[in-house]
Amino acid sequence: MLDFFSIFSKGGLVLWYFQGVPASFTAPVNALLRSALLQERGGHSTFSHDTLTLKYKLDNQFELVFVVGFQKILTLTYVDKLIDDVHREFRDKYRNSFQQNGALGLLNGTFDFRDDFLELLREAEASGRAQARAAPAMKTFEQSQKSQKTVKSMVEKPGEKRKEKESKKKSKTSEKDVAVAEVAVPVSKGSPSAKQNPPVELNRDELTSEEIIQRNRQKLFNKHAKGGEKAVKVSKPEIPKKKGKAPQVWVPGGSHTKALDYSDPKLNGNTDELHTRAEDLATLKSRAAEMLGNPPDVECESSEENEESTSEDEQIVQVPSKPSIKKSSFGGMFGMLRGLVGSKSLTRDDMEAVLEKMKDHLIAKNVAADIAVQLCESVAKKLEGKVMGTFSSVTSSVKQALQDSLVQILQPKRRVDVLRDVLESQRSHRPYVVTFCGVNGVGKSTNLAKISFWLIENGFSVLIAACDTFRAGAVEQLRTHTQRLNSLYPPEDHGGRVMVQLYEKGYGKDAAGIAMEAISYARNQKFDVVLVDTAGRMQDNTPLMTALAKLIAVNMPDLVLFVGEALVGNEAVDQLVKFNKALADHSMSEKPRLIDGIVLTKFDTIDDKVGAAISMTYITGQPIVFVGTGQTYCDLRSLNAKAVVTALMKA
């Protein structure tokens with residue numbers, strides 16, 4: 001039984017609806033619009049919301065959406081047929097009204113479609129029942145081939161298997177002899193055996209004993225002749241191998257150990273006296289003005305080497321094509337015109353070749369393969385049936401639609417303004433808590449220090465909670481960052497107020513308990529922000545994922561940031577899906593806290609292969625809050641959706 005069936009325009013005007021259950025269908029349809037259609041995630045025609053399954057179909061020519069909803073526990077095989085039939089019947093019935101009146105036809109039209117819909121629903125249900133009845137039943141024993149055999153034929157005697165094997169061997173040997181006989185053995189012209197040996201031998205049984213002996217002698221002679229020829233071959237002179245890298249000799253106090261000693265002899269291992277160099281301090285102070293307000297936008301440009309290589313490739317391609325253009329300039333003109341749509345509706349066949357190239361291009365730019373397929377499928381559904389202009393080519397239309405979809409995906413459905421949220425927490429007299437999570441080695445601690453620098457530069461005090469109690473050196477790394485930040489922002493420059501402090505309890509402790517104590521300490525000491533650093537963990541490590549879910553469920557941070565590197569490809573999908581699944585499965589609440597945003601690190605190492613940003617935002621629907629681009633504290637950026645998409649679409 002259907003819960004509802006709704007037909008509405010892409011502008012949000014409901015034209016007609018059928019309600020099979022008294023419950024309202026507004027919430028699931030709005031969720032479909034927000035999460036699938038507006039976010040360009042239309043690759044799948046199915047959407048789930050609470051206990052409902054929604055299937056939808058787009059009519060791009062008249063800008064209509066057809067949505068049917070039913071319970072998840074039901075298996076309705078006729079839904080696809082129903083939605084196709086309703087789409088065809090509705091547009092055929094009101095085609096003239098849409099074409100003549102346009103938007104006024106939608107506003108002023110009266111759509112009496114109930115009787116037609118109920119008739120189509122009855123037909124679809126009848127076809128579904130017929131398919132269920134027509135399902136092939138299991139064969140009975142009397143219908144099987146085994147029932148036709150007699151008991152005597154199924155009894156095996158001990159000598160029969162041996163006879164069958166011997167007969168098979170004889171047939172195989174006879175086939176080999178015939179094959180050898182059909183192919184004449186090549187013999188040199190001057191050899192005496194060329195006259196004696198017949199070129200074709202029919203069968204071994206038809207030869208006399210002398211002929212068989214002669215043939216065996218010829219085979220032996222040919223075998224020795226081949227062996228002699230191989231022996232005559234001159235062996236190649238051996239090329240001396242290049243000497244490999246000489247092994248390093250580690251002598252205590254030797255020259256090598258001196259060259260590798262980069263420690264400061266004045267400190268003598270005392271990390272308390274660690275300070276920032278004067279030149280580094282001057283550089284950071286000069287760039288600190290960039291960090292006021294929101295971080296600057298990230299710049300996505302191809303490297304000079306890539307641009308030079310592409311220009312060289314273009315020159316190579318253009319040189320041989322000049323004479324061919326002169327010979328077939330008339331055909332080239334018609335080839336260009338063949339790509340024009342010419343005021344007709346696009347079909348899937350028209351876009352197939354272009355979408356295949358676009359999919360390969362996205363995968364080459366580091367977009368996950370599954371995401372690239374879904375993006376192209378979404379673009380195909382968005383353009384299928386749409387009427388294009390006279391001088392619009394299929395390639396340009398598909399490329400523009402894909403570019404618009406990518407920009408829409410990267411632009412978040414909600415904005416994360418950390419500075420505004422911190423000010424709101426100050427009014428409530430509580431610290432703003434941010435938790436960082438992610439896999440090993442992506443740069444959580446380093447980018448936490450960059451965000452600390454940005455927050456301090458905007459006038460907020462920061463408490464860093466060292467909740468990575470697993471990795472050796474994790475606490476010392478945060479302590480080093482804290483000391484360097486304190487040397488940049490000493491308390492005497494801020495009225496005796498400590499701008500950054502580390503809260504740590506060593507190793508082997510419960511991370512959730514340390515985070516709770518750090519938040520309580522920050523509330524008592526009037527810190528504005530608490531940044532919780534967690535241990536890196538693989539998405540398949542169940543005990544560590546359970547501990548992370550416990551930390552988030554117990555402390556309820558204001559923002560949960562997933563730290564992922566821009567170098568990742570297909571792995572980004574697996575990481576984000578399993579992190580979200582673990583947070584949902586191990587949480588005790590009905591509405592668990594999931595990932596709220598993404599920090600994309602190592603962005604300066606990928607040139608224009610920025611596909612990881614698309615993969616991560618497509619999977620979670622959450623925004624990329626920060627982008628890490630370098631090694632200094634000032635290398636923190638905001639994502640510019642248009643710049644990223646422009647770099648992604650470059651050939």
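1. Basis. The model is predicted, so local features need pLDDT of at least 70 and side-chain atom pairs count only at pLDDT 80 or more, while totals for chains, interfaces and linings use all residues. Residues are numbered from 1 along each chain as its sequence is written, and side-chain values use heavy atoms, with hydrogens and water left out.

2. Overall make-up. The protein chain has 24 helices and 13 strands; these are DSSP runs numbered from the N terminus, with helices being H or I of at least four residues and strands E of at least two. Of its 651 residues, 39% count as buried. Buried means under 20% relative accessible area, exposed means over 50%, and partly exposed is in between, with a 1.4 Å probe and protein chains only. Among contacts with a separation of 6 or more, 74% come from residues 24 or more positions apart; a contact here is heavy atoms within 4.5 Å.

3. Cavity. The whole structure was searched, and 1 cavity of 30 Å³ or more was found. A cavity is a set of points, on a 1 Å grid over the protein atoms alone, where a 1.4 Å probe fits but cannot get out; lining residues have an atom within 4 Å of a point. Points are joined across faces, edges and corners, and the volume is the space filled by probe spheres set on them. The largest cavity holds about 40 Å³ of space.

4. Cavity lining. The residues that line the largest cavity are V418, V434, F436, I451, L455, V529, L531, L559, L561 and F626. Two or more lining residues come from each of β6 (432-437), α18 (444-457), β9 (529-534) and β10 (559-565). By class, the lining has 10 nonpolar residues, no polar and no charged. The classes are Ala, Val, Leu, Ile, Met, Phe, Trp, Tyr, Cys and Pro as nonpolar, Asp, Glu, Lys and Arg as charged, and the others, Gly among them, as polar.

5. Strand β6 and T435. T435 lies in strand β6. With a relative accessible area of 1%, T435 is buried. Beyond its neighbours within four places in sequence, T435 is in contact with V532, T534, L551, P557, L559, V560 and L561. T435 and L448 are 13 residues apart in sequence, and their C-alpha atoms are 9.7 Å apart in space.

6. Cysteines. There are 0 disulfides in the structure, a disulfide being a pair of cysteine sulfur atoms within 2.5 Å. C437 has 0% relative accessibility and counts as buried. C634 also counts as buried, at 0%.

7. Helix α22. This helix covers residues 571-585, and its 15 residues should span 21 Å at 1.5 Å a residue; the end C-alpha atoms are 21 Å apart, in agreement. The expected span is 1.5 Å times one less than the number of residues. Its buried residues are A572, V573, Q575, L576, F579, N580, A582 and L583. An α-helix has 3.6 residues a turn, so residues three or four places apart point the same way. The cover over the buried residues of α22 includes α15 (369-383), β6, α21 (542-555), β10 and α23 (611-620).

8. Helix α15 and S378. S378 is in helix α15, and is buried at a relative accessible area of 6%. From S378 to A401 there are 23 residues in sequence and 9.8 Å in space, C-alpha to C-alpha.

9. Helix α2. The 15 residues of this helix (residues 79-93) should also span 21 Å, which agrees with the 21 Å between its end C-alpha atoms. V79, L82, I83, D85, V86, H87, F90 and R91 are buried. They pack against β1 (4-9), β2 (14-19), β4 (52-59), β5 (64-71), α3 (95-101) and α5 (114-133).

10. Positive phi. Most residues other than glycine have a negative phi. E63 has a positive phi, near 60°. E63 is in the loop between β4 and β5 and is partly exposed, with a relative accessible area of 33%. N366 has a positive phi near 80°. N366 lies in the loop between α14 (348-364) and α15, and counts as buried at 19% relative accessibility.

11. Loop residue S638. S638 is in the loop between β13 (636-637) and α24 (641-649). S638 is buried, with a relative accessible area of 14%. Not counting residues up to four places away in sequence, S638 touches P295, P296, D297, V298 and V627.

Note on methods
1 Å grid on protein atoms, 1.4 Å probe; cavity = no way out; pocket = protein on both sides within 12 Å on 5 of 7 lines; lining within 4 Å.
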